[in-house]
Amino acid sequence: MIFVTGGAGFIGSNFVLDWLAQSDEPVVNVDKLTYAGNLSNLVSLGHDPRHIFVRADVGDEKKMSELLMEYRPRAVLHFAAESHVDRSIHGPRDFIETNVNGTFNLLEAVRAYYGTNLSDTEKQAFRFLHVSTDEVYGTLSATDAPFSETTAYAPNSPYSASKAASDHLVRAYHHTYGLPTLTTNCSNNYGPYHFPEKLIPLIIMNARLGKSLPIYGDGQQVRDWLYVSDHCAAIRRVLDAGRPGDVYNVGGWNEKANLDVVHVLCDILDELDPRPQGSYREQITFVADRPGHDRRYAIDARKLEAELGWTPKETFDTGIRKTVRWYLDNQPWVEDVRSGNYLKWLEKNYNERQA
Ligand code: NAD
Ligand code: TYD
């Protein structure tokens, strides 16, 4: 049994689906279902008995303790977070609550479970895997080397600052209490079930609705894109073979300027779903820049590649094409998210256990 937090969000749901496609080991999926949690991401599981969904807040230490005692997982994989930089600028409080206090409370519950409920053999096998971001390292100039695991932390947004704080707590629980932790710092993900507040799904959705395609500032900010299933495979690999206490950077060696990404999306849409009136590129609009906008992120993933043999399967070209195709083929999902109907999944379609 593994214990996943945030498994109804973008990466967490992809992880749960990938996991259950490859393993019979059950998953307890603990998610608060904020606006970013969408149970319809998991509808293909039906009522698969290997998937146990529990609506709960990772900041509720008592509840986390009860669940850990009840299910006795051999690993906790912590995806749950507030994850959108723009939201963190408008309202940082939720980011501190979930990413900092929530992670702290979860760590406390896990520390008690690990310390008092596991046999020596179970302790040896146990892992707490913390899913984090490259944004904790701050920003790079065009000529700087990519972020490595030893790059100094320099977060610039409330989001990245809150994730940095959570990374430090995880590190401290390893060094102080001997909790067998693993931390992954990954670059920007994209793929199916991505909530359309983030660049790639927002552009695909707006393009098809005939809306403007907003580019912040000059559009020359660089992100290092990784297809989500490659991230999921990296997490599985780190869980299996990572060294307790270690950090692993995860990235796809796919640095792209935002404007180039948007051009690629428009070109694929022009091919797969042409607009009679001309290219989707005509909908591109330059808008005011994000405050404190990090210029460039880039990940040096050599440690993960050399020590654990992980390499990404998708190139940017293959991954982005699959992604556009997915959004075109999954209109009901897109429409549910756009209209807010996805928030009703809970009552309508899921036999959830109440927290
Ligand atoms: P997301 O916003 O799509 O999903 C977050 C999930 O966490 C949602 O299902 C939400 O309901 C749940 N959640 C939020 N607060 C909670 C709480 N207090 N208790 C329980 N559940 C809660 O995020 P994502 O893009 O899937 O990111 C998942 C993790 O990966 C995050 O920790 C994020 O920092 C990290 N990450 C994301 C990216 C990326 O490009 N999206 C890149 C690197 C790392
Ligand atoms: P985003 O998907 O929010 O991820 P992050 O901020 O975590 O990297 O944004 C990716 C890049 O795209 C970032 O440089 C901001 C930019 N961006 C736009 O130019 N327009 C938009 O509408 C959005 C949402 C993002």
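How far does a polar side-chain atom of E135 lie from an oxygen atom of ligand 2? The distance is 2.6 Å. This is a value from a predicted model.

**Around ligand 2**

The shell around ligand 2 holds 17 residues, and the closest are E135, R223, N258, R290 and H293.

| Residue | Distance to an oxygen atom of ligand 2 |
|---|---|
| E135 | 2.6 Å |
| R290 | 2.5 Å |
| H293 | 2.7 Å |

On its own, ligand 2 exposes 510 Å², and the protein buries 96% of that area. Two elements supply two or more residues each to the shell: α7 (199–209) and β8 (213–216). Strand β8 gives the largest share, three residues. By class, the shell has seven nonpolar, five polar and five charged residues.

**The sheet**

Seven strands form an open sheet with parallel pairing. Their order is β3-β2-β1-β4-β5-β6-β11. Strands β3 (51–55) and β11 (247–250) stand at the edges; each has a single partner strand, so one side of each lacks a neighbour in the sheet. From one strand to the next, the twist averages 20°.

How values were computed. Residues numbered from 1 in each chain as written. Chains lettered and ligands numbered in written order. Predicted model: local features only at pLDDT ≥ 70, side-chain atom pairs only at ≥ 80, totals over all residues. Heavy atoms only, no water. Near = heavy atom within 4 Å. Polar contact = N/O pair within 3.5 Å; in protein donor to acceptor, adjacent residues only side chain to side chain. Areas by Shrake-Rupley, 256 points an atom, 1.4 Å probe, with all protein chains shown as cover. Helix = DSSP H or I, 4+ residues; strand = E, 2+ residues; numbered from the N terminus. Nonpolar A, V, L, I, M, F, W, Y, C, P; charged D, E, K, R; others polar. Pairing = 2+ DSSP bridges. Axes fitted to C-alpha atoms, helices over the stretch in contact; angles between N-to-C directions.
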